[in-house]
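These are my notebook entries on one structure, taken element by element. The entries record what I looked up and in what order.

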Amino acid sequence: MSTPWLRIPGNAAARRWLTRPDCRTVLVVVPHMTAGTRLADVLPLLEADHRVQVLFTVPTTADMWPGVEDYVRSWDGVLVPWHQALRTRFDLALAASYQEIDKIDAPVLVLPHGVAERSRVSPRDPETVADGSSRMRDLVVRDGRVVPAGVVFAREQDARRFRADCPEAASRALVVGDLCLDRIRASTPYRDHYRRALGADDDRRIVLVSSTWSGWSLFGTGECLLTELVRQLPADEYRVVAALHPLIWAAHGAWQVRAWLAAALDEGLVLLRPEEGWRAGLVAADHLVGDHGSVTLYGAALGLPVLLHPAAGQDVRPDSPAGHLWRVARTIDPDRPLPAQLRASGTACPSHGTAWAHRISSAHGTAGVRLRREMYRLLGLSEPARDVPDSPVPCPVLATREPQRRADP
């Protein structure tokens with residue numbers, strides 16, 4: 001029995017049903033939430049253009065992460081079934097992962113899905129091998145064909161490495177800067193707004209605790225740290241906020257994450273949902289406790305004082321931005337009181353943040369302009385006249401603990 005096709009743009013049989021049948025089609029490929037959160041930043045660059053139709057798809061031939069389809073459906077766009085996407089021609093595809101891109105009939109523009117994307121040396125990372133060398137060529141070249149029409153980089157250093165690894169794809173490298181960092185920096189005037197949303201509308205200091213995924217992450221090795229922070233830091237002086245990588249939520253489930261953090265939540269921990277919140281949390285924060293994930297590096301770029309969880313250092317490539325941070329930032333001493341360590345880490349330093357921002361991005365405040373220019377070049381359309389502002393990030397979304405059910409007496 002054949003699987004039915006949806007009557008949507010791209011389906012020739014549905015053309016008579018379309019109100020705007022001649023739009024250029026852009027397919028947004030979302031294999032996991034981490035990729036989705038980065039692609040969501042790009043979508044405003046296509047807004048208000050009646051010549052463009054944006055559609056979404058979730059690959060189902062690769063290993064699927066739970067909840068991805070529900071996450072994409074929450075954007076209220078047209079979700080194209082994967083089997084239909086594979087048999088449809090699109091004018092442009094946007095991806096923040098290399099999964100399945102060789103199967104898409106469209107020029108594919110690949111964006112990074114994190115500043116720490118190439119920071120690990122562990123063989124668990126599909127894009128590196130144990131000695132730190134890149135497997136990038138295997139991702140970009142399939143059956144002798146260079147797959148992406150463009151590969152986006154935030155830093156010129158990463159683009160040079162890509163060109164050396166994949167000389168046949170050297171012309172596809174595009175340095176645009178970091179759109180996520182640009183949005184974070186554009187959000188700093190709204191710091192007080194974010195602080196109120198996190199329940200710190202007074203003089204309390206916000207401590208943002210961030211963990212990436214993997215067994216070497218803060219959450220993977222420091223299971224008691226969040227509880228200890230909430231217990232040791234006076235509640236009338238500090239607000240502890242946790243931001244966990246979306247893959248932690250996807251692999252283990254929201255119920256399990258809240259269950260593991262039950263003691264900390266009961267004592268006042270603020271837990272952010274994975275869809276959105278960590279960027280607003282960074283802008284609102286006074287201190288950052290983290291590991292080698294992207295959030296820690298973005299926090300350094302804002303000038304936040306950083307404390308690192310020591311175990312995660314085993315998973316860091318020395319020549320990456322995370323590797324450099326590991327050489328200069330303080331690490332947590334589990335045998336010393338945490339309040340004293342936070343005080344010793346200092347206060348926010350904008351000049352320090354500027355130096356770190358240059359380690360993350362080679363072009364500041366222009367990522368949106370450069371990305372839109374490349375997308376419209378690939379679409380074969382002239383760019384709209386409207387400007388490309390860096391919009392501030394949304395308010396943080398909190399993950400509340402489900403109330404316990406009690407038996408009736």
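**Entry 1: strand E8 and its partners.** I looked up Val152 and found that its bridge partner in E9 is Leu174. E8 and strand E9 (residues 173–175) pair in the parallel sense over three bridges. I count helices (H or I, at least four residues) and strands (E, at least two) as DSSP runs, numbered from the N terminus, and two strands as paired if DSSP finds at least two bridges between them. The chain goes from E8 through H5 to E9, and this β-α-β crossover is right-handed; that is, with the strands pointing away from the viewer, the path from the first strand over the helix to the second runs clockwise. E8 also pairs with E5, in the parallel sense over two bridges. There, Leu109 has Gly150 of E8 as its bridge partner. I then asked which way the residues of E8 point. Gly150 and Val152 point one way, Val151 and Phe153 the other way, and all are buried. Buried means under 20% relative accessible area, exposed over 50%, and partly exposed in between (1.4 Å probe, protein chains only).

**Entry 2: basis of the values.** The model is predicted, with residues numbered from 1 along each chain as its sequence is written, and local features need pLDDT of at least 70, side-chain atom pairs count only at pLDDT 80 or more, and totals for chains, interfaces and linings use all residues. Side-chain values use heavy atoms, with hydrogens and water left out.

**Entry 3: Arg155.** I located Arg155 in the loop between strand E8 (150–153) and helix H5 (156–165). Is Arg155 buried or exposed? Arg155 counts as buried because its relative accessibility is 11%. Its side chain makes a polar contact with the side chain of Asp158 (3.0 Å). A polar contact is a pair of N or O atoms within 3.5 Å; within protein, one must be able to donate a hydrogen and the other to accept it, and residues adjacent in sequence count only if both atoms are side-chain atoms. Leaving aside neighbours within four places in sequence, I list Val175, Pro321, Arg359, Ile360, Ser361 and Ser362 as in contact with Arg155, where contact means heavy atoms within 4.5 Å.

**Entry 4: the six-stranded sheet.** I traced an open sheet of six strands, in the order E12-E11-E10-E13-E14-E15, with parallel pairing. Its edge strands, each pairing on one side only, are E12 (270–271) and E15 (330–331). Within the sheet, E10 (residues 205–211) and E13 (residues 287–290) pair over three bridges, and Leu208 stands opposite Leu288 in E13. Helix H14 (residues 294–301) packs on the sheet, touching E10, E13 and strand E14 (306–308). The direction of H14 makes about 155 degrees with that of E13; axes are lines fitted to C-alpha atoms, for helices over the stretch in contact, and angles run from 0 to 180 degrees between N-to-C directions.

Entry 5: I asked which residues touch the most other members of the largest nonpolar core. Of its 39 residues, these are Ile184, Leu208, Trp278, Leu282 and Tyr298. A nonpolar core is a set of buried Ala, Val, Leu, Ile, Met, Phe, Trp, Tyr and Cys residues joined through side-chain atoms within 4.5 Å. Elements giving two or more residues to this core include helix H6 (179–186), helix H13 (278–284) and helix H17 (350–360). Apart from this core lies another, of 33 residues, among them Phe56, Val72, Leu92 and Val176. H6 is largely enclosed by the rest of the structure because six of its eight residues are buried. Asp178 caps the N-terminal end of H6, with a side-chain oxygen 2.9 Å from the backbone nitrogen of Cys180.

**Entry 6: positive phi.** Most residues other than glycine have a negative phi. I noted Ala48, with a positive phi of about 65 degrees, in the loop between helix H1 (33–42) and strand E2 (52–57). Glu100 likewise has a positive phi of about 65 degrees; Glu100 lies in the loop between strand E4 (92–95) and strand E5 (108–110). Ala48 counts as exposed at 65% relative accessibility, whereas Glu100 is buried at 12%.

**Entry 7: Met375.** I found Met375 in helix H18 (residues 367–379), buried with a relative accessible area of 0%. Not counting residues up to four places away in sequence, Met375 touches Val42, Leu45, Leu46, Leu92, Leu94 and Leu109.
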